[in-house]
Amino acid sequence: MKFEIDSETYDEIAKMIHSSESPVGIDAKKTHILILNKLQELSDRMERIEQSLKKG
C-alpha cells in the first residue's frame, strides 16, 4: 500500500480535521465526512470508467 503524502497536503488535512475539544485531537465527524466524500468521488469515477469501457 502506498500511504505517502506530501507534507503540504498532510498539513492541510491535519488542520481540517484538528479539534482541541476532542481527547484524540481530531474531529471524528468531520474526518468521517471527508472519508465518505472521497469514497463517493472514487465510486463515481469508477462508474464513469466502467461505463466508458462498456461503450467501447
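**Surface patch, pocket and salt bridge**

A nonpolar patch on the surface is formed by Ile-5, Tyr-10, Ile-13, Met-16 and Leu-34, which together have about 440 Å² of accessible area. The model described here is predicted. Helix 1, which spans residues 7-17, supplies the largest share of the nonpolar patch, namely three residues. Ile-5, by contrast, is located in the segment before helix 1. The relative accessibility of Ile-5 is 42%. Because buried residues lie under 20% relative accessible area and exposed residues over 50%, Ile-5 falls in between and is classed as partly exposed.

The largest pocket holds about 260 Å³ of space. Its lining consists of Ile-5, Thr-9, Ile-13, Met-16, Ile-17, Thr-31, Leu-34 and Ile-35. Two elements, helix 1 and helix 2 (28-55), each give two or more residues to this lining. The greatest contribution comes from helix 1, with four residues. By residue type, the lining of the largest pocket comprises six nonpolar residues and two polar residues, and no charged residue is present.

Thr-31 has a relative accessible area of 14%; since the limit for a buried residue is under 20%, Thr-31 is classed as buried. Along the chain, Thr-31 and Ala-14 are 17 residues apart, and their C-alpha atoms are separated by 9.8 Å.

Charged side chains were considered next. Side chains of opposite charge can pair when their charged atoms come close. One salt bridge was found in a search of the whole structure. This contact joins the side chains of Glu-41 and Lys-38, with a distance of 2.9 Å from N to O. Both Glu-41 and Lys-38 are part of helix 2, where a spacing of three residues places them about one turn of the helix apart. The relative accessible area of Glu-41 is 39%, so Glu-41 is partly exposed. For Lys-38 the corresponding value is 46%, and Lys-38 is therefore likewise partly exposed.

Helix 1, for its part, gives three residues to the nonpolar patch and four residues to the lining of the largest pocket.

Conventions:
Residues are numbered from 1 along each chain as its sequence is written. This is a predicted model: local features need pLDDT of at least 70, side-chain atom pairs count only at pLDDT 80 or more; totals for chains, interfaces and linings use all residues. Side-chain values use heavy atoms; hydrogens and water are left out. Patches are made of residues with over 30% relative accessible area and no salt bridge: like charges are joined within 9 Å, nonpolar side chains (Val, Leu, Ile, Met, Phe, Trp, Tyr) within 5 Å. Accessible areas come from the Shrake-Rupley method with a 1.4 Å probe; for residues, only the protein chains shown count as cover. A salt bridge is a side-chain nitrogen of Lys or Arg within 4 Å of a carboxyl oxygen of Asp or Glu. Buried means under 20% relative accessible area, exposed over 50%, partly exposed in between (1.4 Å probe, protein chains only). On a 1 Å grid over the protein atoms alone, a cavity is a set of points where a 1.4 Å probe fits but cannot get out, and a pocket is an open set with protein on both sides within 12 Å along at least five of seven lines; lining residues have an atom within 4 Å of a point. Grid points are joined across faces, edges and corners, and a volume is the space filled by probe spheres set on the points. Ala, Val, Leu, Ile, Met, Phe, Trp, Tyr, Cys and Pro count as nonpolar, Asp, Glu, Lys and Arg as charged, and the others, Gly among them, as polar.
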